[in-house]
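These are my notebook entries on one structure. I set down what I looked up, topic by topic.

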Amino acid sequence: MMESTNKIAFGGGCHWCTEAVFQSIKGVVRVEQGFVASTDKASYFSEAVVVHYQNHKVTLEDLILIHLHSHRATSAHSMRRKYRSAIYVYNQRDKEISTKALENYQGEFNNKLVTQVLPFVAFKPSEAQFQNYYYSNPKKPFCEAYISPKLQLLVHKFEALVDKEKL
């Protein structure tokens, strides 16, 4: 019998980085890398991942906290159109949990979080050659320079949640 999974989508930085971060977490069973669109001013596609996870192994709150610490969640930098800082929700319950989590976790950051809670509307996957990017190319300069430090942060800050067999 297959265990049930939940899903949530995250955008923030490069989707290669975001994919590797969530692939490294216990209880995450699948990560889809690509582009997500929401509604209104966020209706254009922005780099993101869809995370399928088992709530009895990792909570939505844990995933949100990892997301906030693994990208520049307080920076309204000029590339936010390409790298929207967002939690894309599929239902009202996850919207409420996400909104409350952002309020609760704000105290862990010196500056205001720019991360938005947005409805998930559409997803376009990345090209096949970019899927599973880090775990297929860990020695590439981009991976060593940008992704490996994020994974080290995971081990340091979220050790109990990291699947060390993957790292």
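In which sense do strand S4 and strand S5 pair, and over how many bridges? I looked this up in what is a predicted model. Strand S4, residues 86-89, and strand S5, residues 116-119, run parallel to each other and are joined over 4 bridges. I noted valine 89 as the residue that faces proline 119 of S5. I then followed the chain from S4 to S5 and found that it passes through helix H3, residues 92-105. This β-α-β crossover is right-handed. I also recorded that H3 lies across S1, S4 and S5, and that it runs at about 160° to S4.

Entry on the sheet.

I next looked up the order of the strands. The sheet is open and has 6 strands, arranged as S5-S4-S1-S3-S2-S6, with mixed pairing. Which strands stand at the edges? I found S5 and strand S6 (122-125) there. Each has a single partner strand, so one side of each lacks a neighbour in the sheet. From one strand to the next, the twist averages 35°. I then turned to S2 and S3, which pair in the antiparallel sense over 8 bridges. Within this pair, I noted glutamine 33 and its bridge partner in S3, valine 49.

Entry on helix H1.

Is helix H1 enclosed or open to the outside? I found 9 of its 9 residues buried, so H1 is largely enclosed by the rest of the structure. The buried residues are His15, Trp16, Cys17, Thr18, Glu19, Ala20, Val21, Phe22 and Gln23. I looked up what they pack against and listed strand S1 (6-11), strand S2 (28-37), strand S3 (46-53), helix H2 (60-69), helix H4 (133-136) and H5. Relative to the sheet, H1 lies across S1, S2 and S3, at about 160° to S2.

Entry on H1 and H5.

I described this helix pair by angle and distance. Helix H1 (residues 15-23) packs with helix H5 (residues 141-157) at an angle of about 35°, and their axes are 10 Å apart. I recorded the crossing of H1 and H5 as right-handed. On the H1 side, the contact involves Trp16, Cys17, Ala20 and Val21. On the H5 side, I listed Phe142, Tyr146, Ile147, Lys150, Leu151 and Leu154. By class, this contact of H1 with H5 has 9 nonpolar residues, no polar residues and 1 charged residue.

Entry on threonine 74.

I located threonine 74 in the loop between H2 and S4. It counts as partly exposed because its relative accessibility is 27%. Leaving out residues up to four places away in sequence, I found that threonine 74 touches Phe109, Asn111, Lys112, Leu113 and Val114. I also looked up threonine 99, which is 25 residues from threonine 74 along the chain. The C-alpha atoms of these two residues are separated by 16 Å.

Most residues other than glycine have a negative phi. With a relative accessibility of 70%, aspartate 40 counts as exposed. I recorded asparagine 132 as partly exposed, at a relative accessible area of 30%.

Key:
Residues are numbered from 1 along each chain as its sequence is written. This is a predicted model: local features need pLDDT of at least 70, side-chain atom pairs count only at pLDDT 80 or more; totals for chains, interfaces and linings use all residues. Side-chain values use heavy atoms; hydrogens and water are left out. Axes are lines fitted to C-alpha atoms, for helices over the stretch in contact, and angles run from 0 to 180 degrees between N-to-C directions. Helices (H or I, at least four residues) and strands (E, at least two) are DSSP runs, numbered from the N terminus. A crossing is left-handed if the near helix is turned anticlockwise from the far one by less than a right angle, and right-handed if clockwise. Contact means heavy atoms within 4.5 Å. Ala, Val, Leu, Ile, Met, Phe, Trp, Tyr, Cys and Pro count as nonpolar, Asp, Glu, Lys and Arg as charged, and the others, Gly among them, as polar. Buried means under 20% relative accessible area, exposed over 50%, partly exposed in between (1.4 Å probe, protein chains only). Two strands pair if DSSP finds at least two bridges between them. A crossover is right-handed if, with the strands pointing away from the viewer, the path from the first strand over the helix to the second runs clockwise.
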